[in-house]
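Let's go through this one by asking where each label comes from.

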Amino acid sequence: MIIVSTDGSCPTDGDAIGWAWVAHGSGRFDSGGDAHGTTRVAELTALRRAVEAHPGDEPLFVESGSQWAFRCASEWLETWKAHDWRTAAGEEVPHRESVQALDEAISQRTGPVRFRWARGHVESPFTARARELAELAANDWAAGRGDLDGLLLDDAAGRETPEAPAGGPEPEPVGARRSPTTPTSGPGWELDTLFD
């Protein structure tokens, strides 16, 4: 089973958002954001990106600190879909585009997906790191540094990233990183092992 913690961040609704996911067993992670959004859009985006990043048949267990996002994914989504994306009150589903994108990601995955609410941001290295990465992404987007076209910058800013030699291995996607050793979730595990 794959277990992933997620978080979304939006310091002020309508402004920049950030999202992140962190996989428990592998230490892989990803984060990103947008120049405008809401807390709920950030939380739904984190769930969707976690599902999209883990294709395959293995069961996927995604946890969220947002009870609203958890309930959207695990309770309301199927009912809304069956009622032409309307709530029980007959109103259009809030953040419909984000909810539909999450539904599509779940539908395209061959293995089962389950969601869990991490009550009150129950502290674990994974939820803490997802929260930190989402906040950093929101701050980057708010400062105008978010739209980097998927590139990571290093201290040699402006230098082009070398391409892989012909016939060589493809470069690993940004954010889909694995620590040199497989991390565990026990005491003494260092959060910085999430980074190369």
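Q: What share of the contacts in the chain between residues at least 6 apart in sequence joins residues at least 24 apart?
A: In this predicted model, that share is 66%. A contact here means heavy atoms within 4.5 Å.

Q: What pattern does the chain follow along the sequence?
A: Reading along, you get β-β-β-α-β-α-α-β-α, with four helices and five strands in the chain.

Q: What makes β3 and β5 the strands at the edges?
A: Look at the order of the open sheet: β3-β2-β1-β4-β5, with mixed pairing. β3 (29-34) and β5 (113-117) each have a single partner strand, so one side of each has no neighbour in the sheet. From one strand to the next, the twist averages 20°.

Q: How do you know that β4 and β5 pair, and in which sense?
A: Pairing takes at least two bridges between the strands. Strand β4 (residues 60-64) and β5 have five bridges, in the parallel sense, so they count as paired. Across from R116 in β5 you'll find E63.

Q: Which strands does helix α1 touch as it packs on the sheet?
A: Helix α1 (residues 39-52) touches β1 (2-9), β2 (17-23), β4 and β5. The direction of α1 makes about 35° with that of β2.

Q: What are the angle and the axis distance for α1 and α2?
A: α1 and helix α2 (residues 67-82) pack at about 50°, and their axes are 9 Å apart.

Q: Which residues meet where α1 and α2 pack?
A: From α1 come R40, E43, L44 and L47, and they meet W68, A69, C72 and A73 in α2.

Q: Why is M1 called exposed?
A: The cut-off for exposed is over 50% relative accessible area. M1 has 62%, so M1 is exposed. M1 sits in the segment before β1.

Q: Which residues is M1 in contact with, leaving aside neighbours within four places in sequence?
A: Those are E58, P59 and F61. M1 and F61 are 60 residues apart along the chain, yet their C-alpha atoms are separated by 7.1 Å.

Q: What percentage of the chain is buried?
A: Buried residues, those under 20% relative accessible area, make up 40% of the 196 residues. The accessible surface of the chain comes to about 11200 Å², with 50% belonging to carbon and sulfur atoms.

Conventions
Residues numbered from 1 in each chain as written. Predicted model: local features only at pLDDT ≥ 70, side-chain atom pairs only at ≥ 80, totals over all residues. Heavy atoms only, no water. Helix = DSSP H or I, 4+ residues; strand = E, 2+ residues; numbered from the N terminus. Axes fitted to C-alpha atoms, helices over the stretch in contact; angles between N-to-C directions. Buried < 20%, exposed > 50% of the residue type's maximum accessible area, 1.4 Å probe, protein only. Areas by Shrake-Rupley, 256 points an atom, 1.4 Å probe, with all protein chains shown as cover.
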